[in-house]
Amino acid sequence: MDLIPSFSVDHTKIVPGIFTSRVDVVADEKVTTYDVRVTHPNIEPAIDVAAMHSLEHLIATYLRNDPDWKDQVIYWGPMGCLTGFYLILKGSLPSKDLCDLLINAFDSVKDAQDVPGTSPENCGNYLMHNLNMAKWYAARFAEYLKANKDKSETFEYPKSERLVTDDGRQFFDS
């Protein structure tokens with residue numbers, strides 16, 4: 001069985017940032033999955049689950065209402081490891097080209113008075129939200145992006161070294 005590409009990223013070296021995870025072609029159109037890494041994996045604690053859920057609602061609402069981007073947005077959702085989000089867009093842009101969009105999206109959280117879509121009719125776990133913690137994570141990530149938008153490691157995945165056995169099998173070091 002092939003190892004999926006996201007497992008070839010060296011999670012001991014990745015820093016918060018915006019990374020191109022994969023580019024696919026669907027119905028003759030490019031679709032790109034971006035890894036929006038909010039915290040430093042295996043160094044910092046995972047994002048609080050309730051805050052992550054609130055950020056999912058808040059940022060998805062922002063992205064799907066941004067006049068310049070809403071038609072490109074396919075998906076915004078949390079990573080299972082709770083260190084960031086996946087953003088899937090139509091087309092294929094360098095990850096650095098999304099920096100201002102994501103700074104604005106995360107900055108917008110500070111003005112939120114409530115989390116959209118949190119009624120029992122709209123959300124499968126409507127009681128699991130934490131707006132105050134979401135604001136803290138959002139402000140922290142937006143400031144991080146602003147301070148690091150000129151650094152290549154904010155946009156380029158560190159790759160794991162592939163170890164190859166004498167009989168040609170490949171393994172990863174992380």
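The model is predicted. Its open sheet has four strands in the order β1-β2-β4-β3, with antiparallel pairing. Helices α1 and α2 pack against each other at an angle of about 125°, and helix α3 packs on the sheet. The largest nonpolar core holds 36 residues.

**The sheet**

- Strands of a sheet pair through backbone hydrogen bonds, and the pairing is either parallel or antiparallel.
- In this structure the pairing is antiparallel, and the four strands are ordered β1-β2-β4-β3.
- Strands β1 and β3 stand at the edges with a single partner strand each, so one side of each has no neighbour in the sheet.
- On average, neighbouring strands of the sheet are turned by 15° against each other, direction ignored.
- Helix α3 packs on this sheet, where it touches β1 and β2, and its direction makes about 90° with that of β1.

**Strand pairs**

- Strand β1 (residues 17–26) runs antiparallel to β2 and is joined to it by nine bridges.
- Within this pair, valine 23 stands opposite threonine 32 of β2.
- Strands β1 and β2 form a hairpin, with two residues between them.
- Strand β2 also pairs with β4 (residues 84–90), in the antiparallel sense and over seven bridges.
- In that pairing, tyrosine 34 stands opposite leucine 87 of β4.
- Five bridges hold the antiparallel pair of β3 and β4.
- Valine 73 has leucine 89 in β4 as its bridge partner.

**Strand β2 and a residue of β4**

- Strand β2 covers residues 29–37, and seven of its nine residues are buried, so the strand is largely enclosed by the rest of the structure.
- Isoleucine 88 belongs to strand β4.
- Isoleucine 88 and tyrosine 34 are 54 residues apart along the chain, yet their C-alpha atoms are separated by 6.1 Å.
- Setting aside neighbours within four places in sequence, isoleucine 88 is in contact with Val31, Thr32, Thr33, Gln72, Val73, Ile74 and Tyr75.

**Loop residues with positive phi**

- Most residues other than glycine have a negative phi.
- Alanine 27 is not a glycine, but its phi is positive, at about 50°.
- Alanine 27 sits in the loop between β1 and β2.
- Its relative accessibility is 74%, so alanine 27 counts as exposed, the cut-off being over 50%.
- Asparagine 42 also has a positive phi, near 65°.
- The place of asparagine 42 is the loop between β2 and α1.
- Asparagine 42 has a relative accessibility of 66% and therefore counts as exposed.

**Helices α1 and α2**

- Two packed helices are described by the angle between their axes and the distance between the axes.
- For α1 and α2 the angle is about 125°, and the axes are 9 Å apart.
- The contact is made by Leu55, Ile59, Tyr62 and Leu63 of α1, together with Leu101, Asn104, Ala105, Phe106 and Ser108 of α2.
- The crossing of α1 and α2 is right-handed.
- Helix α2 (residues 99–108) is mostly covered, with seven of its 10 residues buried.
- The buried residues of α2 are Cys99, Leu101, Leu102, Ile103, Ala105, Phe106 and Asp107.
- These buried residues pack against β1, β2, α1, β3, β4 and α3.

**Histidine 57**

- Histidine 57 is part of helix α1.
- At 14% relative accessibility, histidine 57 counts as buried, because buried means under 20%.
- Leaving out neighbours within four places in sequence, histidine 57 is in contact with Val115, Pro116, Gly117, Thr118, Cys123 and His129.

**The nonpolar core**

- Among the 36 residues of the largest nonpolar core, those touching the most other members are Val36, Leu55, Trp76, Leu87, Leu98, Leu102 and Phe106.
- Two or more residues of this core come from each of β2, α1, β3, β4, α2 and α3.
- Leucine 98 touches Ile18, Tyr34, Trp69, Leu87, Leu89 and Leu93, if residues up to four places away in sequence are not counted.

Terms used:
Residues are numbered from 1 along each chain as its sequence is written. This is a predicted model: local features need pLDDT of at least 70, side-chain atom pairs count only at pLDDT 80 or more; totals for chains, interfaces and linings use all residues. Side-chain values use heavy atoms; hydrogens and water are left out. Buried means under 20% relative accessible area, exposed over 50%, partly exposed in between (1.4 Å probe, protein chains only). Two strands pair if DSSP finds at least two bridges between them. Contact means heavy atoms within 4.5 Å. Axes are lines fitted to C-alpha atoms, for helices over the stretch in contact, and angles run from 0 to 180 degrees between N-to-C directions. A nonpolar core is a set of buried Ala, Val, Leu, Ile, Met, Phe, Trp, Tyr and Cys residues joined through side-chain atoms within 4.5 Å. A crossing is left-handed if the near helix is turned anticlockwise from the far one by less than a right angle, and right-handed if clockwise.
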